[in-house]
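Subject: Structure handover

Hello,

Here is the structure we talked about, with the sequence alongside. My notes on the helix packing and the sheet follow below.

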Amino acid sequence: MVCGNTSYELAQVIGRFGDTFIENYSPNAYVQRTLRAIQHCRISSLGGHIDQCDVCGYIRISYNSCRNRHCPKCQNTHREAWIENRKLDLLPVPYFHVVFTVPDKLNRLFITSASGTMFLFNVKNLSVVFRGKFMAGLVKQIPQEKTFIRELYQTGWVVYAKEPYAGPEQMEYLGCYTHKVAISNHRLLNTDESGVRFRYRDYRDDRQKEMTLGGAEFLRQFCQHILPKGFVRIRHYGLLSTAKRPELRELQQAFGLSVPKVIDKKNWKQICGCISITTRTAAPAVGKAKWLQLECIWLAGHHLTVYPQ
Ligand SMILES: [Zn+2]
């Protein structure tokens with residue numbers, strides 16, 4: 001997933017129209033904090049540090065990222081890190097990609113398909129079980145009118161299941177869905193006093209189109225995609241849950257797979273280096289050269305010098 005260099009960023013749109021949007025629409029404090037985080041991501045106001053190559057002396061400045069899950073810059077990093085971690089959890093067994101879709105009465109569209117040569121469960125049976133479980137949970141959480149419940153039961157709920165077309169390693173495909181942001185920076189075509197022009201796909205005719213919206217309206221629509229606080233997009237169940245991680249590792253060993261005991265966490269710069277997104281800087285020219293941290297840049301312009309060892 002290469003994002004290339006972009007000339008316009010969501011951060012600029014927030015900088016220009018954020019105050020007007022907040023004044024006009026009074027979003028809650030959580031939404032406002034999210035906007036501010038995105039606005040200041042990887043610029044000097046969030047702090048950062050200065051590194052120098054120990055061989056050629058090349059200096060680079062890196063600013064801290066906001067890590068907000070709605071930030072187009074940070075979500076690339078989150079997605080790549082998530083994909084890498086999921087790949088480490090794989091077992092040498094067949095995998096199935098199963099999609100559960102709720103009916104249009106619940107504002108969703110669903111598509112049906114049968115599975116291929118191998119199958120885990122019959123999708124028709126799975127649909128019935130899914131409907132039962134979903135409805136039981138829904139009614140318990142949010143009581144519904146009896147007629148509405150009956151209508152939902154009369155509707156066929158369909159589950160889509162297939163083998164991943166490029167094998168279980170095809171995590172990138174999943175990652176695109178699980179880590180989608182409302183708009184990525186490369187879709188922004190222009191922003192000026194009049195508003196924001198951007199590219200989008202019209203799913204009615206499956207074509208790329210362009211649209212211009214007033215800045216505050218653009219931000220209002222963007223904020224509709226900000227997930228409520230505490231709302232989780234991804235859950236890992238069963239063997240993939242954190243509590244079962246030791247068992248999963250044992251299983252992997254039993255299958256003869258070698259998984260490192262300690263998995264190094266990569267920071268966004270390392271990940272960005274791999275996928276060449278936005279702020280990648282020139283790497284040290286000589287093979288064994290290292291970056292030495294020269295200075296930390298703190299908030300409010302306070303600097304701290306770190307002497308290289
Ligand atoms: Zn960010």
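In this predicted model, helix H3 (residues 72-88) and helix H6 (residues 171-178) have axes that cross at roughly 135° and come within 9 Å. On the H3 side, the contact is made by Arg79, Trp82, Ile83, Arg86 and Lys87; H6 contributes Met171, Glu172, Gly175 and Thr178. By class, the residues of this contact comprise four charged, three nonpolar and two polar.

The other item is a sheet. Three strands make it up, in the order S5-S6-S7, and it is open, with antiparallel pairing. Strand S5 (188-192) and strand S7 (207-213) are the edge strands, each pairing on one side only. On average, neighbouring strands of the sheet are turned by 20° against each other, direction ignored.

Strand S6 (residues 195-202) and S7 run antiparallel and are joined by seven bridges.

Which helix lies across S6 and S7? That is helix H7 (residues 215-223), which runs at about 45° to S6.

Regards

Definitions and conventions:
Residues numbered from 1 in each chain as written. Predicted model: local features only at pLDDT ≥ 70, side-chain atom pairs only at ≥ 80, totals over all residues. Pairing = 2+ DSSP bridges. Helix = DSSP H or I, 4+ residues; strand = E, 2+ residues; numbered from the N terminus. Axes fitted to C-alpha atoms, helices over the stretch in contact; angles between N-to-C directions. Contact = placed C-beta atoms within 7 Å. Nonpolar A, V, L, I, M, F, W, Y, C, P; charged D, E, K, R; others polar.
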